[in-house]
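Subject: Handover of a structure for your review

Dear colleague,

Please find below the structure that I am handing over to you. My notes on what was found in it follow directly after.

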Amino acid sequence: MDLTAVGINLVKCIRTGEVVELRSVWKERVSVIFFLRRFGCQVCRWTAKEISKLKEAFDQNDVHLVGVGPEELGVKEFMDGQYFKGELYIDEKKQCYKDLGFKRHNALNLLPAALGQKVRQIVTQANKDGISGNFSGDVMQSGGLLIVSKGGEKVLFHFAQDSPGDHVPLDTICQVLGIAAMAEAEEVTPPQCTDACTR
(Lines give C-alpha, C1' and ligand atoms only; values in the text may rest on other atoms or scores of the structure.)
Protein backbone atom coordinates (compact mmCIF):
# COMPACT_ATOMS: atom_id res chain seq x y z
CA MET A 1 0.00 0.00 0.00
CA ASP A 2 1.27 3.45 -0.91
CA LEU A 3 0.87 5.42 2.32
CA THR A 4 2.24 8.52 0.61
CA ALA A 5 -0.67 8.56 -1.84
CA VAL A 6 -3.21 8.02 0.94
CA GLY A 7 -1.54 10.63 3.14
CA ILE A 8 -1.93 13.50 0.69
CA ASN A 9 -5.69 13.04 0.41
CA LEU A 10 -7.65 15.94 1.84
CA VAL A 11 -10.03 15.43 4.75
CA LYS A 12 -12.14 17.96 6.63
CA CYS A 13 -11.93 18.19 10.41
CA ILE A 14 -15.46 18.21 11.85
CA ARG A 15 -14.47 20.20 14.93
CA THR A 16 -12.69 23.07 13.12
CA GLY A 17 -13.92 22.82 9.52
CA GLU A 18 -10.27 22.93 8.44
CA VAL A 19 -9.27 20.87 5.40
CA VAL A 20 -5.98 19.02 5.98
CA GLU A 21 -3.98 16.21 4.44
CA LEU A 22 -4.73 12.86 6.07
CA ARG A 23 -1.05 12.41 6.92
CA SER A 24 -1.35 15.27 9.41
CA VAL A 25 -3.16 12.89 11.80
CA TRP A 26 -0.14 10.61 12.10
CA LYS A 27 2.57 13.26 11.86
CA GLU A 28 3.14 13.56 15.62
CA ARG A 29 2.03 10.17 16.94
CA VAL A 30 0.84 6.67 16.17
CA SER A 31 -2.73 6.82 14.84
CA VAL A 32 -5.66 4.41 14.80
CA ILE A 33 -7.95 5.53 11.99
CA PHE A 34 -11.45 4.07 11.84
CA PHE A 35 -13.13 4.50 8.44
CA LEU A 36 -16.89 4.41 8.90
CA ARG A 37 -19.28 3.24 6.21
CA ARG A 38 -21.78 5.97 7.11
CA PHE A 39 -22.45 8.10 10.17
CA GLY A 40 -26.03 6.76 10.32
CA CYS A 41 -24.98 3.10 10.11
CA GLN A 42 -26.03 1.24 13.28
CA VAL A 43 -23.13 -1.20 12.97
CA CYS A 44 -20.66 1.71 12.53
CA ARG A 45 -22.08 3.47 15.57
CA TRP A 46 -21.71 0.32 17.66
CA THR A 47 -18.15 -0.23 16.37
CA ALA A 48 -17.29 3.41 17.10
CA LYS A 49 -18.53 2.96 20.69
CA GLU A 50 -16.49 -0.22 21.01
CA ILE A 51 -13.22 1.26 19.76
CA SER A 52 -13.82 4.32 21.97
CA LYS A 53 -13.52 1.99 24.98
CA LEU A 54 -9.77 2.06 24.24
CA LYS A 55 -9.50 5.87 24.28
CA GLU A 56 -8.09 6.07 27.81
CA ALA A 57 -5.42 3.48 27.01
CA PHE A 58 -4.67 5.30 23.74
CA ASP A 59 -4.21 8.60 25.59
CA GLN A 60 -1.90 6.95 28.14
CA ASN A 61 0.22 5.56 25.28
CA ASP A 62 0.14 8.69 23.06
CA VAL A 63 -2.01 7.02 20.38
CA HIS A 64 -4.27 9.26 18.31
CA LEU A 65 -7.83 7.95 17.73
CA VAL A 66 -9.34 9.23 14.50
CA GLY A 67 -12.61 8.55 12.69
CA VAL A 68 -13.22 9.27 9.02
CA GLY A 69 -16.60 9.27 7.33
CA PRO A 70 -17.28 9.32 3.58
CA GLU A 71 -19.85 12.12 3.68
CA GLU A 72 -21.18 14.85 5.94
CA LEU A 73 -24.71 13.44 6.02
CA GLY A 74 -25.55 12.25 9.54
CA VAL A 75 -22.45 13.62 11.26
CA LYS A 76 -24.39 15.92 13.63
CA GLU A 77 -26.60 13.06 14.84
CA PHE A 78 -23.49 10.89 15.19
CA MET A 79 -21.74 13.52 17.31
CA ASP A 80 -24.88 14.22 19.36
CA GLY A 81 -25.11 10.48 20.11
CA GLN A 82 -21.52 10.55 21.44
CA TYR A 83 -20.69 7.30 19.67
CA PHE A 84 -17.01 8.15 19.15
CA LYS A 85 -14.40 9.66 21.47
CA GLY A 86 -11.76 10.42 18.83
CA GLU A 87 -11.29 13.22 16.34
CA LEU A 88 -13.66 13.14 13.36
CA TYR A 89 -12.96 13.93 9.72
CA ILE A 90 -14.81 13.67 6.43
CA ASP A 91 -13.32 12.38 3.18
CA GLU A 92 -15.75 14.17 0.87
CA LYS A 93 -14.17 12.76 -2.31
CA LYS A 94 -13.91 9.26 -0.80
CA GLN A 95 -10.37 9.14 -2.16
CA CYS A 96 -8.93 7.59 1.02
CA TYR A 97 -11.57 4.87 0.74
CA LYS A 98 -10.54 4.15 -2.86
CA ASP A 99 -6.81 4.24 -2.12
CA LEU A 100 -7.19 1.90 0.86
CA GLY A 101 -9.23 -0.62 -1.13
CA PHE A 102 -12.48 -0.16 0.79
CA LYS A 103 -14.84 -1.65 -1.74
CA ARG A 104 -18.22 -0.45 -2.79
CA HIS A 105 -21.05 -2.93 -2.59
CA ASN A 106 -23.71 -3.25 -5.24
CA ALA A 107 -27.37 -4.16 -4.84
CA LEU A 108 -26.63 -7.83 -5.53
CA ASN A 109 -23.96 -8.33 -2.88
CA LEU A 110 -25.10 -5.81 -0.27
CA LEU A 111 -28.37 -7.46 0.70
CA PRO A 112 -26.93 -10.90 1.53
CA ALA A 113 -24.04 -9.23 3.42
CA ALA A 114 -26.39 -6.93 5.34
CA LEU A 115 -28.55 -9.88 6.35
CA GLY A 116 -25.58 -12.05 7.31
CA GLN A 117 -24.93 -13.45 10.76
CA LYS A 118 -22.15 -10.94 11.63
CA VAL A 119 -24.45 -7.97 10.98
CA ARG A 120 -27.37 -9.57 12.82
CA GLN A 121 -25.19 -10.23 15.88
CA ILE A 122 -23.96 -6.64 16.03
CA VAL A 123 -27.44 -5.21 15.44
CA THR A 124 -28.76 -7.34 18.30
CA GLN A 125 -25.98 -6.08 20.59
CA ALA A 126 -26.43 -2.47 19.38
CA ASN A 127 -30.16 -2.66 20.10
CA LYS A 128 -29.39 -4.02 23.56
CA ASP A 129 -26.98 -1.10 24.08
CA GLY A 130 -29.58 1.43 22.91
CA ILE A 131 -27.73 2.27 19.69
CA SER A 132 -29.97 2.92 16.72
CA GLY A 133 -29.24 3.77 13.11
CA ASN A 134 -30.77 4.81 9.82
CA PHE A 135 -30.32 4.21 6.11
CA SER A 136 -29.48 7.80 5.13
CA GLY A 137 -26.46 8.24 2.91
CA ASP A 138 -24.28 6.02 0.78
CA VAL A 139 -25.20 2.50 1.93
CA MET A 140 -22.94 0.91 -0.69
CA GLN A 141 -19.62 2.10 0.79
CA SER A 142 -17.57 -0.21 2.99
CA GLY A 143 -14.99 0.90 5.56
CA GLY A 144 -12.11 -0.41 7.59
CA LEU A 145 -9.26 0.40 9.94
CA LEU A 146 -5.74 1.70 9.47
CA ILE A 147 -3.01 1.91 12.11
CA VAL A 148 -0.02 4.04 11.14
CA SER A 149 3.25 4.58 12.98
CA LYS A 150 4.32 8.05 14.11
CA GLY A 151 5.46 10.10 11.13
CA GLY A 152 3.93 7.60 8.72
CA GLU A 153 7.04 5.48 8.59
CA LYS A 154 4.96 2.37 8.13
CA VAL A 155 1.51 0.84 8.14
CA LEU A 156 1.18 -1.24 11.29
CA PHE A 157 -2.22 -2.66 10.38
CA HIS A 158 -4.66 -2.41 7.47
CA PHE A 159 -8.14 -3.92 7.54
CA ALA A 160 -10.82 -3.65 4.85
CA GLN A 161 -14.38 -4.79 5.49
CA ASP A 162 -15.70 -7.59 3.34
CA SER A 163 -19.13 -7.53 4.98
CA PRO A 164 -20.76 -4.57 6.77
CA GLY A 165 -20.47 -6.57 10.00
CA ASP A 166 -16.70 -7.06 9.81
CA HIS A 167 -14.68 -5.22 12.44
CA VAL A 168 -11.34 -5.54 14.20
CA PRO A 169 -11.51 -6.96 17.76
CA LEU A 170 -10.24 -4.60 20.45
CA ASP A 171 -7.59 -7.06 21.62
CA THR A 172 -6.15 -7.20 18.08
CA ILE A 173 -5.82 -3.41 18.03
CA CYS A 174 -4.05 -3.52 21.41
CA GLN A 175 -1.72 -6.29 20.23
CA VAL A 176 -0.76 -4.32 17.11
CA LEU A 177 0.00 -1.27 19.27
CA GLY A 178 1.77 -3.32 21.93
CA ILE A 179 -0.37 -1.88 24.71
CA ALA A 180 -2.40 -3.42 27.49
CA ALA A 181 -5.90 -2.03 27.80
CA MET A 182 -8.75 -2.72 30.12
CA ALA A 183 -11.63 -2.23 27.70
CA GLU A 184 -15.11 -2.75 29.06
CA ALA A 185 -15.70 -6.33 28.04
CA GLU A 186 -19.06 -7.97 27.55
CA GLU A 187 -19.97 -10.16 30.47
CA VAL A 188 -19.50 -13.78 29.57
CA THR A 189 -21.07 -16.50 31.65
CA PRO A 190 -18.35 -18.91 32.77
CA PRO A 191 -18.86 -22.55 31.83
CA GLN A 192 -20.60 -24.69 34.43
CA CYS A 193 -18.45 -27.43 35.79
CA THR A 194 -19.82 -30.96 35.55
CA ASP A 195 -18.48 -34.25 36.77
CA ALA A 196 -16.60 -34.42 33.44
CA CYS A 197 -14.20 -31.83 34.88
CA THR A 198 -12.91 -34.29 37.47
CA ARG A 199 -12.22 -37.09 35.02
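Lys12 is buried, since its relative accessible area is 19% and buried means under 20% relative accessible area, exposed over 50% and partly exposed in between, with a 1.4 Å probe and protein chains only. This is a predicted model, in which local features need pLDDT of at least 70 and side-chain atom pairs count only at pLDDT 80 or more, while totals for chains, interfaces and linings use all residues. Residues are numbered from 1 along each chain as its sequence is written, and side-chain values use heavy atoms, with hydrogens and water left out.

Salt bridges

Lys12 forms a salt bridge with Glu72, with 2.9 Å between the closest N and O atoms; a salt bridge is a side-chain nitrogen of Lys or Arg within 4 Å of a carboxyl oxygen of Asp or Glu. This pair links distant parts of the chain, as Lys12 belongs to strand 1 and Glu72 to the loop between strand 4 (63-69) and helix 4 (75-80), 60 residues apart. Helices (H or I, at least four residues) and strands (E, at least two) are DSSP runs numbered from the N terminus. Glu72 counts as partly exposed, at 39% relative accessibility.

By this rule the count comes to 10 salt bridges. Among them is the pair of Arg23 and Glu21, whose closest N and O atoms are 2.6 Å apart. Arg23 is partly exposed at 37% relative accessibility, and Glu21 is partly exposed with a relative accessible area of 29%. Another salt bridge joins the side chains of Lys53 and Glu50 (2.5 Å, N to O). Here Lys53 is partly exposed, with a relative accessible area of 22%, whereas Glu50 counts as buried at 13%. Salt bridges that share partners also join Lys12, Glu72 and Glu92 into one network.

The protein as a whole

The protein has 8 helices and 7 strands. Of its 199 residues, 46% are buried. Among contacts with a separation of 6 or more, 72% are between residues 24 or more positions apart, where contact means heavy atoms within 4.5 Å.

Asn9 lies in the loop between helix 1 (3-7) and strand 1 (10-13). Is Asn9 buried or exposed? Asn9 is buried, because its relative accessible area is 9%. Leaving aside residues up to four places away in sequence, Asn9 touches Val20, Glu21, Leu22, Gln95, Cys96 and Asp99. The side chain of Asn9 makes a polar contact with that of Asp99 (2.9 Å). A polar contact is a pair of N or O atoms within 3.5 Å; within protein, one must be able to donate a hydrogen and the other to accept it, and residues adjacent in sequence count only if both atoms are side-chain atoms.

Asp59, in helix 3 (residues 55-60), has a side-chain polar contact with the side chain of Lys55 (2.7 Å). Asp59 counts as partly exposed, at 44% relative accessibility.

Aromatic pairs

The structure holds 6 aromatic pairs. Rings of Phe, Tyr and Trp (its six-membered ring) pair if their centres lie within 6.5 Å; planes under 30 degrees apart count as stacked, over 60 as edge-to-face and the rest as tilted. One of the pairs, Phe78 and Tyr83, is tilted, at 5.6 Å centre to centre with 45 degrees between the planes. Both Phe78 and Tyr83 are buried. Tyr97 and Phe102 form an edge-to-face pair, with 5.9 Å between centres and 75 degrees between the planes. Tyr97 is buried, with a relative accessible area of 0%, and Phe102 is buried at 4%. Ring pairs link Phe35, Tyr97 and Phe102 into a cluster.

Strand 6 and its partners

In strand 6 (residues 144-148), 5 of the 5 residues are buried. Gly144, Leu146 and Val148 point one way, and Leu145 and Ile147 the other way. Strand 3 (residues 30-35) runs antiparallel to strand 6 and is joined to it by 5 bridges; two strands pair if DSSP finds at least two bridges between them. Val32 stands opposite Ile147 in strand 6. Strand 6 also pairs with strand 7 (residues 155-160) in the antiparallel sense, over 5 bridges, and Leu146 stands opposite His158 in strand 7. The hairpin of strand 6 and strand 7 has 6 residues between the strands, and in this hairpin Gly151 takes a positive phi near 80 degrees.

Yours sincerely
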